[in-house]
Amino acid sequence: HGVAASYLENFRRHVERVANQHYPEQARSQNIMGDVRLMVVIDPRGQVKAITLLESSGSAILDEAAKQSVRQSAPYGHFDKEMGELQELRIIRTWRYSDQLEVGE
C-alpha cells in the first residue's frame with residue numbers, strides 16, 4: 001500500500017475527526033466502549049462502495065456510529081496519479097471507542 005499511504009492517512013484523519021464529533025451521546029452517557037473493525041471499499045472517485053463490519057464492538061450503537069462516520073466523511077477525493085489504475089481501495093481500520101476515540105490500524 002506504499003502508493004496509497006498518504007491517501008490512507010488522509011482517510012484516517014478525516015474519519016477520526018467526524019467520528020469524534022458524532023460519538024453517540026447514548027454510548028458516552030452509558031459508558032459504552034469497544035472496538036469496531038470495518039473494511040471500507042472506496043472507488044477511484046473517492047466514493048464509498050461498501051462498508052463491511054469485520055468485528056463488532058458488541059454494541060450496535062457503536063457499530064452504526066463507525067459506519068456513519070465513514071459515510072459522512074465521504075467523498076475522500078480522487079485517487080492520485082501514483083495510485084495509477086487502481087479500481088478500488090480496501091481500507092481496514094479499527095474504531096476504538098473509549099474516553100477518547102481513535103481510529104487506528
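**Charges, fold and core of a predicted chain**

The chain in this predicted model carries 13 positive and 15 negative side chains, and the centres of the two sets lie 3 Å apart.

Reader: What makes a side chain count as positive or negative here?
Author: Lys and Arg are taken as positive, Asp and Glu as negative, while His and the chain ends are left out. On that basis the chain has 13 positive and 15 negative side chains.

Reader: How do you know which elements the chain has, and in what order do they run?
Author: Helices are DSSP runs of at least four residues and strands are runs of at least two. The chain has 3 helices and 4 strands, running α-α-β-β-α-β-β from the N terminus.

Reader: Why is the chain called as compact as a globular protein of that length?
Author: The globule rule gives 13 Å for 105 residues and the radius of gyration is 14 Å, which is close, so the description holds. Along the principal axes, the C-alpha atoms fill a box of roughly 45 × 20 × 20 Å.

Reader: What makes a residue buried, and what percentage of the chain is buried?
Author: Buried means under 20% relative accessible area. Of the 105 residues, 40% are buried.

Reader: What makes a set of residues a nonpolar core?
Author: Its members are buried nonpolar residues of listed types, joined through side-chain atoms within 4.5 Å. The largest such core has 26 residues, and Phe11, Ile42, Leu89, Trp95 and Tyr97 touch the most other members. Helix 1 (5-21), strand 1 (34-42), helix 3 (60-73) and strand 3 (89-97) each supply at least two residues; helix 1 gives the most, with 5.

Terms used: Residues numbered from 1 in each chain as written. Predicted model: local features only at pLDDT ≥ 70, side-chain atom pairs only at ≥ 80, totals over all residues. Heavy atoms only, no water. Rg over C-alpha atoms; globule rule 2.2 N^0.38 Å. Buried < 20%, exposed > 50% of the residue type's maximum accessible area, 1.4 Å probe, protein only. Charge placed at Lys NZ, Arg CZ, Asp CG, Glu CD.
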